[in-house]
Amino acid sequence: MKAELRWILPVICLLYSIPLNAQQYSLQHFGVNEGLIQSDVNQIIQDNKKYIWIATNSGISRFDGLKFKNYYIPISETVNDIVEGDQHEIYALMKKGIGMIRNDSIYLYNFDTDMQLGKCSNLIFKDKMLWMITNQGLTIFDGKSFKVIFALKNEELNAIWFTVDDNNVTWIEDSDRNIWFTENNKLIRFDVDGSALRNGRELAITNRGNLYRIIGKKIALLDHFDQPEQNYLQRIDNYWYFSSGYQVLRKKGAKAEILFETPENDKITTLFIDKGKRLWIGTHNGFYYSNSLAFRKYYIPGKLDNLVWGVVEDDTKNLWFTSYGKGLTKYDGKEFKRIDSYKNQLNTDTFYIGSIKKSNGNLLFTTTNGILQFDGVHFSKVPHLPAQIYLHIYEDAVNKTMFYAGQNSMVVETKDTVKVFDNLKFNLPRVFSILKDRNNIYRMGGEENTVFFDGIRFLLPDTSRFGYTKGMYSSVIDSRGNIWFATRNGIMFYDYKTCRAIFPDEIGESVLDLKSYFGKIYFGTIKGVGLIDPEKFYKNEEAVSYFDYKNGFPGEEVVQNGAIIASDSSIWIPATRGVTKFSPSSIKVVNHIPLVQLETLNAYDKKGEKTTVTVYELNQNKNVNLTYNSRDIEINYHCIFFSDPEGITYRYKLENYDYNWRDVPFNIRSLKYSQLPAGEYIFKISAFCRDGAATEVPTVIYIKIAPPFWQKWWFRTIALMIVLFIVFEVFRKMKKKERKRADIQQQMLKLKADALAAQMNPHFVFNCISSISALINLGEKQEAAIYLGRFASLLRSVLKNVRLNEISLEEELSLTEKYMQLEQARHRNPFSYEIKRPEGISLTKIMIPPMIIQPFVENSVLHAFIKIPDYDKRIYILATISEDRLKVIIKDNGLGTNTDNQTETGLGIKITKERIALLEENAQVQIESHIDEDHHGTIVTIEIPLKIKKTEND
């Protein structure tokens, strides 16, 4: 007992600290703290896009199930009524005129002079016009001006409500609850006194509680109400919903029930049922709405308090509730009554979980001091049972065997015997559930383990034999004989072959209760309740319907194995605070497909400046055209889904950009893309709910990003033309260059031939041969042989080099030296020469055109020293290197170029200069005279680009 109190008492203390309400259906409240513009609610409507609009004393709020968007029309102006127009605009009726919300913009239309709103504060949109009653009479507004179409006399200005029927007959209710109608420009009193309904065009409730339908000018009695003063009424699914004061009632047939009572001083101002059949209640302190009327909470201090742990139904359909420390309560369908007559048999008020109704109709209640029995008339204590805490009772009606699970013991009662099994084996101090499987094995589950009993003895918990041996709170067998276990880790399923966890995503928490419910399975968890359809489960279809505080369930933790299925098909669920009645038949199958609404599309340029496309522009035209400079986009959206707004998952994809669909949770309402390439895209987004509902057709936006100018056809055409022109010019120049190169090659061939001819001057050759012959005739054969060898070497070098484009500087200087040696030997008065080479570099790596030095030396030998008396004749050759240039200077001390005796420059020099000009564009050849002592002289300067021959080692 002490162990039980250690965890029970803290729960009790916690529950007493929570503010509690009396019996009613579960509703959610929204006020200014949640974002409502102002607390006094005058009207609630739902537009065609499923938004909820709330008119207050300070403007209008739009609600999507999760967030509010507020409109001040204008600030501090009371909005008496709101309606939707045929273009999705919202009209607001105020004291001084009409306000309109369109495309998120607010427009004001003031009444004409001396016109104002009277006591009648409702607004009607019909035939593309607004209808209202002002101090001047029945007035219409066509979007431009106000016009009185039926003037009311002063004594008739007490109208408080009106409507216009399909025949444009106006029905008016005055402050004395009289009903009037217009006919032939007259106001005629209807022959029934009553109150017109706020939601219909044909109905009225009389002061005597009779409900009439008005057809033309005739009436027909529809129903009778016990609350004739109720003046807010809605009808749906054969139910009348009506309210006034602080209560909302629902009536079907002769019986009316209270659905909801507002807190003290919170008077109901309007009543509304939306397209999803949800109830909305406007008050002076915000509004309430209910996702489901399938759950009704009963908490009655002194009768149904905290820790209601058991419920059973007797043969007369009375319900009996047991609670921990609060005794026994009976409910006959009308009132709850505390029962005390059992106390002379059982001196305790502490009942426990596990009470049942036996097959003979007797009720058995578990307590902390035995089992209490009720036969329909008298209470008695079940005999032959030890006085202890009992946690569970199980009846095997076929074998006429009763199991009483106590603290650390099990009492098995048959027709003839009562056996007490103390100190249960296998560490099972408390049993919460007993079930007999199709093998006639009793499965007894506790918090940690399950033990097995074959009717005689307890069996070892063998997993291979029994499948599931761990702890369980409850268990049930389906129509196929398979077993479902409620455990602290969800629901386990056993088909006598394998045992596995099921529905891990839907039910990922402790399951405390399982019951068979007309072919389905009811289950209760620490946060909610649900139904499982086993046949859908076997077909791999969606099989789970789950309800928590977001969609109707009050939210208290259910009691272990404590619920019952009542005779009216309702499920009564004991909880840690009161009792909840669950009526699955009241679950409305409505079109609750989530709808994704676009808000804005923002496009940002490189400077961060924003261009916004509004929701109305997106809805009217799904095509969004952006420039190339505005490729950073942000798409804002939300989902209208009142049943479970926090259970929404969005799935989106930008076609032609995203490879796969992407998922984001409900709180992500903005998506961004950066630096999108130019092109066309389709943005698609859908919403998915926890209960399996999904958007049927994705919401789409067609986005087109214009290409930059360099990607446009005209630019590409111009660029292609420019490229073609450049290619043409390059090709033309290449052809021209090719022709020029061919011409140069041809000229080079000719110049080479001319150079060869020039080098092989007939006179020079003839003179050389004559000199050789003279030496032979003189008997100087050795000198003749030397001379002949030099001549042959010179001739061979000339013939070799004339075929090459480049030779080394060393080869050119060697050829020139051979030539000067022959000339020295041939003349009687020879000249001297000197060749000075550059230092620090190998002359074999310096490349020059062939035979560019020798012609100028030959010119000095043949022309510079003619007609000059004997003196010291000299030829000086100097090669130098400066940066990237090679300079060769050929200097003699002959006649010079300016003397009268100087002959014209030889053919070899002319050819050489032309060759150098053709081969080297930056080459220079300069010839000038100079004074050398008593004689003139000539200096030839050859300057060409320096070329170094590359070798493998370089």
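Which residue in β5 is the bridge partner of I54? In β5, that partner is S61. The model described here is predicted. The chain has 954 residues, and 51% of them are buried. It holds ten helices and 73 strands. Of the contacts between residues at least 6 apart in sequence, 52% join residues at least 24 apart.

**Strand β4 and its two partners**

- Strand β4 covers residues 52–56, and five of its five residues are buried.
- In a regular strand the side chains alternate between the two faces of the sheet.
- In β4, one side carries I52, I54 and T56, while W53 and A55 are on the other, and all of these residues are buried.
- Strand β3 (residues 41–46) runs antiparallel to β4 and is joined to β4 by five bridges.
- Within this pair, I44 stands opposite I54 of β4.
- The hairpin of β3 and β4 has five residues between the strands, and K50 takes a positive phi near 80° there.
- Strand β5 (residues 59–63) is also joined to β4 by five bridges, and these two strands run antiparallel.
- The hairpin from β4 to β5 passes through two residues.

- Strands of a sheet pair through backbone hydrogen bonds, either parallel or antiparallel.
- Four strands make up an open sheet in the order β11-β12-β13-β14, with antiparallel pairing.
- Its edge strands are β11 (124–126) and β14 (146–151), each of which pairs on one side only.
- On average, neighbouring strands in this sheet are turned by 30° against each other, direction ignored.
- Inside the sheet, β12 (residues 129–134) and β13 (residues 137–141) run antiparallel and are joined by five bridges.
- I133 stands opposite L138 in β13.

**The sheet β39 to β42**

- Another open sheet has four strands in the order β39-β40-β41-β42, again with antiparallel pairing.
- β39 (390–396) and β42 (418–422) each have a single partner strand, so one side of each is left without a neighbour in the sheet.
- Strand β40 (residues 401–406) pairs with strand β41 (residues 409–413) in the antiparallel sense over five bridges.
- The bridge partner of A405 in β41 is M410.

**Residue Y288**

- Y288 lies in strand β29, which spans residues 286–290.
- Y288 counts as buried because its relative accessibility is 7%, and the cut-off for buried is under 20%.
- L27 is 261 residues away from Y288 along the chain, yet their C-alpha atoms are separated by 6.0 Å.
- Leaving aside neighbours within four places in sequence, Y288 is in contact with residues including L27, Q28, H29, F260 and P263.
- Other contacts of Y288 include D266, L279, W280, I281 and T283.
- With D266, the contact is polar: the side chains of Y288 and D266 make a polar contact at 2.9 Å.

**Helices α7 and α8**

- Helix α7 (residues 781–801) packs with helix α8 (residues 809–826) at an angle of about 145°, and their axes are 10 Å apart.
- The crossing of α7 past α8 is left-handed.
- On the α7 side, the contact is made by Y787, R790, F791, S793, L794, S797, V798, K800 and N801.
- On the α8 side, the contact is made by E811, L815, K818, Y819, Q821, L822, A825 and R826.
- The residues of this contact divide into eight nonpolar, four polar and five charged.

**Helix α9**

- Helix α9 (residues 854–864) has eleven residues, and ten of them are buried, so α9 is largely enclosed by the rest of the structure.
- Its buried residues are Q854, P855, F856, V857, E858, N859, S860, V861, H863 and A864.

Methods
Residues are numbered from 1 along each chain as its sequence is written. This is a predicted model: local features need pLDDT of at least 70, side-chain atom pairs count only at pLDDT 80 or more; totals for chains, interfaces and linings use all residues. Side-chain values use heavy atoms; hydrogens and water are left out. Buried means under 20% relative accessible area, exposed over 50%, partly exposed in between (1.4 Å probe, protein chains only). Contact means heavy atoms within 4.5 Å. A polar contact is a pair of N or O atoms within 3.5 Å; within protein, one must be able to donate a hydrogen and the other to accept it, and residues adjacent in sequence count only if both atoms are side-chain atoms. Two strands pair if DSSP finds at least two bridges between them. Axes are lines fitted to C-alpha atoms, for helices over the stretch in contact, and angles run from 0 to 180 degrees between N-to-C directions. A crossing is left-handed if the near helix is turned anticlockwise from the far one by less than a right angle, and right-handed if clockwise. Ala, Val, Leu, Ile, Met, Phe, Trp, Tyr, Cys and Pro count as nonpolar, Asp, Glu, Lys and Arg as charged, and the others, Gly among them, as polar.
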